[in-house]
Amino acid sequence: MEFYYKEDINKYRKDRNIILFGSGNIAEKTKRIINSEVYAIADNSQNLWGSKNLGKKIINPNTLNKNKNKYFIIICTTSYNEIIPQLEKYKYKIKEDFIISPILNDLRIIDEFENYKKKIIFTSGSPPDKNKEFGGGIYQILWNKDKWKYEKKISGNCYGLIRYKNNFVAIDTDLGIFEFDQNFRVIRSKRLPKSSRSHGLSYSSKRKEFYVVCSYLDSILILNEDFKLKTKISISKKLKYNKYASHHCNDCEYNNDHLYVSMFSETGNWKNDVYDGCILEIDLIEKKINKPIIQNLWMPHNPKIVQGSFYVNDSLKGNLLGNNFNVIGSFPAFTRGLDHDGKFFYIGQSKNRNYSKNIGLSKNISIDTGIIVFDEKTKISKFLQLSSKISEIHSIIAEDL
């Protein structure tokens, strides 16, 4: 849904007379912000025709019929969804011949949120449980306006989740990497190295490769489309010397022959309470580790390119970073899991097990679990709360319902 501002009025009206459609408070506020004279006010209430409002005559909307070359309409009523088809019946086109008053922008975004419908698939790395309301696995949320219901579709310890052709591919501690269809039927799977803590997942259609980030190996596994191992790229030699994983690399994003990997510590010192998190760039042609594209993050997850720009969850701080890694949204729980449907962000909120580290950084530390639907432009959001027994959210995919 497009929003309009007072600058758009002069942009679209040209030399036509301005008609406010709808009398009352919104018409009054609209008249205050425009820099042009109002010609008349149209209203569907027959008992108002011929009277005046704001010093202007209230007219029958039928007067507007076939007069789009003469009039430019600004809709000034909360019933804009009913007025739009009425004007279109008169052969008026939105933006060309009419717009919705900028005064209604706030109401419209709230109305859009309250009437949104979506299917959301997400993974949870909590321990498996037979109960369909909680425990680890693959979940589906059906969100219809002000109601949503969720159900676990596949039980397991699940982490990375991506779209793959018409299906999905995910990571599970026991199954390894597996593909499932729209009906959550597992089509194929292949075990991954033991004690690897396979976590993040990405895919390149160009290179026909899957990339699996393994937290306990400080490495990325590169698999072919049959899930067979092609090669492995190590983040550093610290695992060899220390005998334990040091970087806590977790998620990844493929772009243009490069892989971008999020991790808790660039230097490998997070176990010493040094959280110098970053997104590391890996050249897949040269198999070479490049410099980080962003540093000084605190437990980052889910690097993602959305509409040509990088975004990432700075998880412990509860921040979504974008637009050259500036904070574009702040949230109260452990922020992990990220998708964008072309309009809204979908951001996972896990129970904050590290809340004591956040004291002093946040004045509102939530222990709830759910998914925040967030509009980057207006900064408003809706919280789809889930059982706190789910506890962990790792990856999210938003689909049309």
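Visitor: Does K118 count as buried or exposed?
Guide: This is a predicted model, and in it K118 has a relative accessibility of 5%. K118 therefore counts as buried, since the cut-off for that class is under 20%.

Visitor: Which side chain meets that of K118 in a salt bridge?
Guide: The partner is D341, with an N to O distance of 3.3 Å. D341 is partly exposed, at a relative accessible area of 23%.

Visitor: Which parts of the chain does that pair tie together?
Guide: K118 belongs to strand β7, whereas D341 sits in the loop between β26 and β27.

Visitor: With what does β7 pair?
Guide: Strand β7, residues 117-124, pairs with β30 in the antiparallel sense, over 4 bridges. Within that pairing, I121 has I397 of β30 as its bridge partner.

Visitor: Which way do the residues of β30 point?
Guide: Strand β30 covers residues 396-399. I396 and A398 point one way, I397 and E399 point the other way, and all are buried.

Visitor: Back to β26, then. In what order do the strands of its sheet run?
Guide: The order is β26-β27-β28-β29, an open sheet of 4 strands with antiparallel pairing. Its edge strands are β26 (334-340) and β29 (381-386), each of which pairs on one side only. From one strand to the next, the twist averages 20°.

Visitor: How many bridges join β26 to β27?
Guide: There are 5 bridges between β26 and β27, the latter spanning residues 345-350, and the two strands run antiparallel. L338 stands opposite I347 of β27.

Visitor: And what is the strand order in the sheet that holds β22?
Guide: That open sheet has 4 strands in the order β22-β23-β24-β25, again with antiparallel pairing. Here β22 (300-306) and β25 (326-330) are the edge strands, pairing on one side only. The twist in this sheet averages 25° from one strand to the next.

Visitor: Over how many bridges do β22 and β23 pair?
Guide: They pair over 5 bridges in the antiparallel sense, β23 being residues 309-314. I305 stands opposite F310 in β23.

Visitor: Let us return to charges. How many salt bridges does the count come to?
Guide: The count comes to 18 salt bridges. One of them joins R207 and D257, whose side chains meet at 3.2 Å, N to O. R207 lies in the loop between β14 (198-204) and β15 (209-214), and D257 in the loop between β18 (249-255) and β19 (258-263), 50 residues apart.

Visitor: Which residues are linked with R207 and D257 in a network?
Guide: The network of salt bridges links K206, R207, E209, K230 and D257. As for accessibility, R207 is partly exposed at 22%, while D257 is buried at 9%.

Visitor: What about D181, which residue does it bridge to?
Guide: D181 forms a salt bridge with R185, and the closest N and O atoms are 3.3 Å apart. D181 counts as buried, at 11% relative accessibility. R185 counts as exposed, at 52%.

Visitor: New topic: how many disulfides does a search of the whole structure find?
Guide: The search finds 0 disulfides. For C249, the nearest cysteine sulfur is that of C214, 7.6 Å away. C249 is buried at 0% relative accessibility, and C76 is buried at 3%.

Visitor: Finally, which residues have the most contacts inside the largest nonpolar core?
Guide: They are L64, I73, I74 and L87, in a core of 33 residues. Elements that each supply at least two of its residues include α1 (6-13), α2 (25-33), α3 (80-89) and β5 (71-75). The largest share, 5 residues, comes from β5.

Visitor: What does I74 touch?
Guide: Leaving aside residues up to four places away in sequence, I74 touches I9, I18, I19, L20, F21, T30, I34, I99 and S101.

Visitor: And which residues does the second core include?
Guide: The second core is separate and has 20 residues, among them F3, Y116, Y346 and L384.

Notes
Residues numbered from 1 in each chain as written. Predicted model: local features only at pLDDT ≥ 70, side-chain atom pairs only at ≥ 80, totals over all residues. Heavy atoms only, no water. Disulfide = S-S within 2.5 Å. Buried < 20%, exposed > 50% of the residue type's maximum accessible area, 1.4 Å probe, protein only. Pairing = 2+ DSSP bridges. Axes fitted to C-alpha atoms, helices over the stretch in contact; angles between N-to-C directions. Salt bridge = Lys/Arg side-chain N within 4 Å of Asp/Glu carboxyl O. Core = buried A, V, L, I, M, F, W, Y, C linked by side-chain atoms within 4.5 Å. Contact = heavy atoms within 4.5 Å.
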